[in-house]
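I opened the model to look up its strands, its sheet and one surface patch. My entries follow in the order I made them.

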Amino acid sequence: MKRFAIVLSAIAVFVVSTTLYYFSYQLSAARREALPPVAEATAEETTAEPQTNAMPVNENQEIYINSRMDYRLQLYDARSSEMTEQQEKVPVAMYGLTPEDLKEYLKNLSDIENQGNEEEEVRYELVSFSQDGFTVRKTVSEKEPVYELFLIAEDGHLTAYTGDRMHVYEYTMIPLSDFPLEQQAMLTKGVFIKTLADYYDFLETYSS
């Protein structure tokens with residue numbers, strides 16, 4: 001009888017322990033389902049590109065002339081077709097100029113050197129330009145004379161045209177026969193007259 005009681009007690013303890021374990025497992029599973037899901041890191045998040053302090057390069061950035069540049073000056077004589085090249089110091093007046101500014105500067109320089117120069121025509125032009133240096137060409141040529149009038153014999157009388165022969169300046173009504181034979185031959189082909197003063201001197205000399 002005593003053994004039977006012991007067996008029953010052991011069975012009761014087992015049943016109670018099993019029941020408590022079962023309810024404890026179910027409660028733990030319910031709690032896990034109630035928790036929010038943990039987000040997994042994506043490949044993009046784990047391989048993000050590192051930040052850099054690099055500045056973008058502007059390919060159209062202006063280049064300004066400075067004293068450290070290599071400056072070459074070509075001298076071309078159009079009359080003899082000879083050209084020389086020499087290295088020069090960058091003129092202070094060119095400091096800070098862009099290529100477009102330099103072209104305008106050279107144009108003004110050409111105009112200045114041509115003022116009052118009746119024998120030669122000077123032209124400056126930009127040949128090449130880079131961040132390391134630039135080359136300028138100075139061309140010297142014989143200046144073409146500028147004529148005020150063109151005088152020619154037409155229908156036996158002298159007619160004066162503008163220097164470009166585009167417009168009539170004056171119908172003189174002076175007969176070609178008033179001039180010496182040598183001058184008649186010249187006037188038949190036509191002659192250019194530099195100034196109005198020369199024109200009136202010519203008429204006065206050969207028509208008197």
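I first read the order of elements along the protein chain, which is α-α-β-β-α-β-β-β-β-β-α-β-α. I count five helices and eight strands there, taken as DSSP runs numbered from the N terminus (helices H or I, at least four residues; strands E, at least two).

I note that this is a predicted model, where local features need pLDDT of at least 70 and side-chain atom pairs pLDDT 80 or more, while totals for chains, interfaces and linings use all residues. Residues are numbered from 1 along each chain as its sequence is written, and side-chain values use heavy atoms, without hydrogens and water.

**Strand β1 and its partners**

I looked up β1 (residues 70-77) and found eight bridges to β4 (residues 133-142), with the two strands parallel. Two strands count as paired if DSSP finds at least two bridges between them. Tyrosine 71 is opposite phenylalanine 134 of β4. To β2 (residues 82-88), β1 has seven bridges, and this pair is antiparallel. Glutamine 74 has glutamate 85 in β2 as its bridge partner. I also noted that β1 and β2 make a hairpin with four residues between them, and that serine 81 in the turn has a positive phi of about 60°.

**The four-stranded sheet**

I traced an open sheet in the order β7-β6-β5-β8, paired antiparallel. Its edge strands are β7 and β8 (191-193), each of which pairs on one side only. From one strand to the next the twist averages 25°, with axes fitted as lines to C-alpha atoms (for helices over the stretch in contact) and angles from 0 to 180 degrees between N-to-C directions.

Between β6 (residues 157-162) and β7 I found four bridges. Alanine 160 has glutamate 170 in β7 as its bridge partner. Helix α4 (residues 181-189) lies across β5 (149-154), β6 and β8, at about 110° to β5.

What nonpolar patch do Val168, Tyr171 and Met173 form, and where? They form one on the surface, with about 340 Å² of accessible area together (Shrake-Rupley method, 1.4 Å probe; for residues, only the protein chains shown count as cover). Patch residues have over 30% relative accessible area and no salt bridge; nonpolar side chains (Val, Leu, Ile, Met, Phe, Trp, Tyr) are joined within 5 Å, like charges within 9 Å. A salt bridge puts a side-chain nitrogen of Lys or Arg within 4 Å of a carboxyl oxygen of Asp or Glu.

I placed methionine 173 in β7 (residues 168-175). Methionine 173 is exposed, at 59% relative accessible area (buried is under 20%, exposed over 50%, partly exposed in between).

Definitions and conventions: Buried means under 20% relative accessible area, exposed over 50%, partly exposed in between (1.4 Å probe, protein chains only). Contact means heavy atoms within 4.5 Å.
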